[in-house]
Amino acid sequence: MQQDDGKEENVINYTDYVGIMMSSVSTIINAISYVLIAFVAISLIVSSIMIGIITYISVLERTKEIGVLRSIGASKKDVSRIFNAGFVSGALGIVVTLLLCIPANALIKHLTDISNVAQLPVAGGVILIIISMFLTFIAGLIPAKLAAKKDPVVALRSE
């Protein structure tokens with residue numbers, strides 16, 4: 001701000017309209033990102049609950065198999081591992097994502113001449129695998145414990 005002889009008509013004000021617009025756009029994008037993160041978190045929680053329910057139903061339907069396994073000498077830990085074996089799913093999901101990035105990048109390059117748009121950072125992939133393993137473990141923990149605690153004799157008698 002410059003002043004010349006104290007006259008207001010000689011004052012020059014600088015306004016960065018592009019900067020104001022870009023800060024507004026950045027704020028909106030950050031808000032949208034937070035909303036999307038919240039939706040993803042909710043969907044992960046719901047999917048973990050559904051994994052737990054499906055695993056529990058599997059335990060109920062396979063009671064006789066659990067009884068046979070326990071009667072031939074399988075330990076509680078072995079039975080528990082059967083129902084909590086979803087750790088590979090996270091790594092499989094990352095591998096499929098990396099494989100799908102190849103044709104996606106080729107298609108985008110062909111249509112727009114922009115290369116390497118679809119990417120998965122290594123750190124992000126590792127974090128996603130860890131989160132997937134943790135959620136699968138938590139979702140299968142209770143049903144796997146229930147399966148492991150079943151008495152072989154009672155399990156063999158059930159229908």
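Me: How are H1 and H5 oriented relative to each other?
Reply: In this predicted model, the axes of helix H1 (17–61) and H5 come within 8 Å and cross at roughly 25°. Angles under 35 degrees count as roughly parallel, and H1 and H5 are therefore roughly parallel to each other.

Me: How many residues of the contact of H1 with H5 are charged?
Reply: The crossing of H1 and H5 is right-handed, and the contact includes Leu 44, Ser 48 and Tyr 56 on the H1 side, with Leu 135, Gly 140 and Pro 143 among the residues from H5. By class, the residues of this contact comprise nine nonpolar and four polar, while the number of charged ones is given as no charged.

Me: Which helix gives the most to the lining of the largest pocket?
Reply: The largest pocket, with a volume of about 200 Å³, is lined by residues including Ser 47, Ile 51, Leu 128 and Thr 136. Its lining has five nonpolar, four polar and no charged residues. H1 and H5 each supply at least two residues of that lining, but the helix that gives the most, with five residues, is H5.

Me: What is the angle at which H4 and H5 pack?
Reply: Helix H4 (residues 88–112) and helix H5 (residues 122–149) have their axes 7 Å apart, and H4 passes H5 in a right-handed crossing. Among the residues that meet there are Ser 89 and Ile 94 in H4, and Gly 125 and Ser 132 in H5. The angle at which the two helices pack is about 150°.

Notes:
Residues numbered from 1 in each chain as written. Predicted model: local features only at pLDDT ≥ 70, side-chain atom pairs only at ≥ 80, totals over all residues. Heavy atoms only, no water. Axes fitted to C-alpha atoms, helices over the stretch in contact; angles between N-to-C directions. Helix = DSSP H or I, 4+ residues; strand = E, 2+ residues; numbered from the N terminus. Left-handed = near helix turned anticlockwise from the far one by under 90°. Contact = heavy atoms within 4.5 Å. 1 Å grid on protein atoms, 1.4 Å probe; cavity = no way out; pocket = protein on both sides within 12 Å on 5 of 7 lines; lining within 4 Å. Points joined across faces, edges and corners; volume = space filled by probe spheres on them. Nonpolar A, V, L, I, M, F, W, Y, C, P; charged D, E, K, R; others polar. Parallel < 35°, antiparallel > 145°, perpendicular 65-115°, else oblique.
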